[in-house]
Amino acid sequence: MTPSHLALRLAPLLVLTGRAAFEVHAASHEPIQATLELPGSKPWVRSWDFDARPSLNATHNLVFDSASSLLQQWPNTRYRNGHTIVPGTIPVGTLLHHGTSYRIIPSTPEWTALDPEFSYLFCRTPAPGAGCWHLTLIARRDLKVLYFDGGSAVKTWGTMDAQDLIVDGEVDDEKVWDEARRLGKLCEWGKKYDLDGEIMLCDFTAGLEVVSFLNLASELSPPPSDNHTDVRNVQPKIHVDNDDPDQPTLQKVYRCIEARLWHSGPFGTSTPGGPSESRVHLDLARLVSFYDTDLFPSLVADRWRSSAASRVSVNCVGDEASNDLTDILFHRAQRLRGSWRVGRGISKADQGNLVRQLDNILRLDTFGRKHGSGVDWASLLRIIKDRYSDRLENLLHGLHGARDSSSSPVERLRQAHQYIDGMLTPYILNGVRPQVRPTTTTTPTANHSWAVPIFRECATTHVRSMYVLMDEMTQAEVLLLEAASGVLHEICRTIVGLWAQGIESGLDLPSSSSSRDFTASYDVHIEKITNLVVWLDWSAWFKCRNPTCTFEETCYLPTWPFFHNLKPGLPGIPPRRNPDWGDPDDTSEWDLPRPRCYRRVSPFKLP
């Protein structure tokens, strides 16, 4: 039987509702200088100069963050304009759900959701008392899908660029709501690759079986233009009267938001970054990233142009720096990265590269055949994030704590040095110390050359043995290896450099042994750790703070269609202000979403 054709895209309220369309950000490698001999490879370009910062055009951090954030709701809500396309499968036995006004199984491409809370928002009664119809399907074989990261099921500007580049060869913002045309062309394009899904289903009969088709109670009425042949272009209209909220409707809205949090982080807390969606299995060895500067060099210049207005604020470090990591990332990272679009500035040649690369990877027969090295890239990226995410946050918080507590900067600096020493324990080689111990008259060396062996161990332990597999790796795997190597290199360049400076300054000695003024060193520590976390820009640090959410609340990152929009004309969303905002010029939450606490029990408010 010929597999059905699905188009899988990432929906905004569930990390995974959508068509063969999810997108992520991958990075291209840009070698830094100097060489390190790695087993089984040519001399690998890598600098062991503690002062050599990454090139501004390097994308190791972007590839790493986007690839490690695949199938997670929080980071893909924060950065909605996706940059990655990955083939995958939905395994046999997975349930898919579809809400409709009529008892008719769709015969044309339509949306399905992995969680019924989301599909229920589209389960609308055609007449009072008639209820709505909710279809549940089960996959009877593995469904082949194509995943686009970001908010790629959100019909607004930027989120669908990658899909439009595939089917139209260009992006036209006037066609953002032309869902039927886009889906039909994606399904037609995917036939030659036997693609099954979006979780926009191209065919509701191929590889699927009906579990139930229930007539559910519903007070959600369809818009006047609704009909059973074109419901996919109609969006749920939610009561928006802040003074008299419709509690039954708002409860259903929250249940939808609640379902997406299952793939976002610990429920009911202020901390995002939980497990990825497990019902879609991605093949990272066939990933395509718009951050790959070899495939898409034209986007490098476009990222520079779109970020020019914010470039000064991103590079500044000074007295006004916040000690809140969410504020730091909002002002110094998100204002740049949040504006990038793959459909703006891409050349015709690069668009051709996209189509050819997708053709190459989708023609690979992966069922029962080995391709690539077999490395578990998702686990490698997760291990690196797990090792450093909490630690870097704790380190920065501890340093800033000197400004808010009775402890002196020197005390906090010594504590920070001890903390870094603990982080580096697996890499501190016996006997590796500067030849001259510090005195009150000596100053730290500029290059810390004695600490290079520790720098090398820290930066290469997790990746160097993988270079023996280079000959077996796909292009995507080389990209991921370079991204992981680049991220580890920059993390270790920063923390080993600070550790070496501390050793040279005597921070490891009893406080009575040194009368040195550590004020400058304290400021350097804050500046370098801040620059590192801004460069990494991990969304696990982007969360509700000051105060954290109560038990009755959960941390919510505004997304379509539930956000405060100050820009008239955004598709489907009327302008709506947060009454707590004092400045009428506040930016729309669509442009720069910030996390905030939202009630998860009655009485509900519109998000």
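Trainee: Where does Leu71 lie?

Mentor: Leu71 lies in the loop between helix 1 (60-68) and helix 2 (73-78). Helices here are DSSP runs of H or I with at least four residues, strands are runs of E with at least two, and both are numbered from the N terminus. Before going on, note that this is a predicted model, in which local features need pLDDT of at least 70, side-chain atom pairs count only at pLDDT 80 or more, and totals for chains, interfaces and linings use all residues. Residues are numbered from 1 along each chain as its sequence is written, and side-chain values use heavy atoms, with hydrogens and water left out.

Trainee: Why is Leu71 called buried?

Mentor: Buried means under 20% relative accessible area, exposed means over 50%, and partly exposed is in between (1.4 Å probe, protein chains only). Leu71 has 5%, so it is buried. Its phi is near 65°, a positive value in a residue other than glycine.

Trainee: What makes His448 buried, and where does it lie?

Mentor: His448 has a relative accessible area of 7%, so it counts as buried. It lies in the loop between helix 12 and helix 13 (452-460). His448 also has a positive phi, about 50°, although it is not a glycine.

Trainee: How do you know that Gln357 is buried?

Mentor: Its relative accessible area is 11%, and therefore Gln357 is buried. Gln357 is in helix 10 (residues 348-362). Leaving out residues up to four places away in sequence, Gln357 touches Val288, Leu295 and Gln475. Contact means heavy atoms within 4.5 Å.

Trainee: What share of the protein is buried?

Mentor: Buried residues make up 59% of the 607 residues. The secondary structure comes to 15 helices and 15 strands.

Trainee: What makes a set of residues a nonpolar core?

Mentor: The members are buried Ala, Val, Leu, Ile, Met, Phe, Trp, Tyr and Cys residues, joined through side-chain atoms within 4.5 Å. The largest such core here has 100 residues. Trp377, Tyr388, Leu392, Ile495, Val496 and Leu536 have the most contacts inside it. Helix 14 (residues 475-505) gives the largest share of this core, 17 residues. A second, separate core has 23 residues, including Leu186, Phe296, Leu358 and Ile361.

Trainee: Which residues does Tyr388 contact, beyond its neighbours within four places in sequence?

Mentor: Among them are Met423, Tyr427, Cys458, Leu488 and Ile495. Trp538 and Trp541 are also in contact with Tyr388.

Trainee: Why does Leu413 count as buried?

Mentor: Leu413 is at 0% relative accessibility, so it counts as buried. Leu413 is in helix 12 (residues 409-423).

Trainee: Why is helix 12 called oblique to helix 14?

Mentor: Axes are lines fitted to C-alpha atoms, for helices over the stretch in contact, and angles run from 0 to 180 degrees between N-to-C directions. Under 35 degrees counts as roughly parallel, over 145 as roughly antiparallel, 65 to 115 as roughly perpendicular, and the rest as oblique. Helix 12 and helix 14 pack at about 125°, with their axes 10 Å apart. That makes helix 12 oblique to helix 14. His417, Ile420, Asp421 and Met423 in helix 12 meet Ile495, Leu498, Trp499, Gly502 and Ile503 in helix 14.

Trainee: How do you know how helix 14 and helix 15 are oriented?

Mentor: Helix 14 and helix 15 (residues 519-536) pack at an angle of about 175°, with their axes 11 Å apart. Helix 14 and helix 15 are therefore roughly antiparallel to each other.

Trainee: And what makes helix 12 and helix 15 oblique?

Mentor: Their axes cross at roughly 50° and come within 10 Å. Helix 12 and helix 15 are therefore oblique to each other. In this contact, Pro409, Leu413 and Ile420 in helix 12 meet Ser521, Tyr522 and His525 in helix 15.

Trainee: Which residues does the cis peptide bond join?

Mentor: The cis bond joins Ser602 and Pro603, with omega about 0°. Pro603 is found in the segment after strand 15 (596-599).
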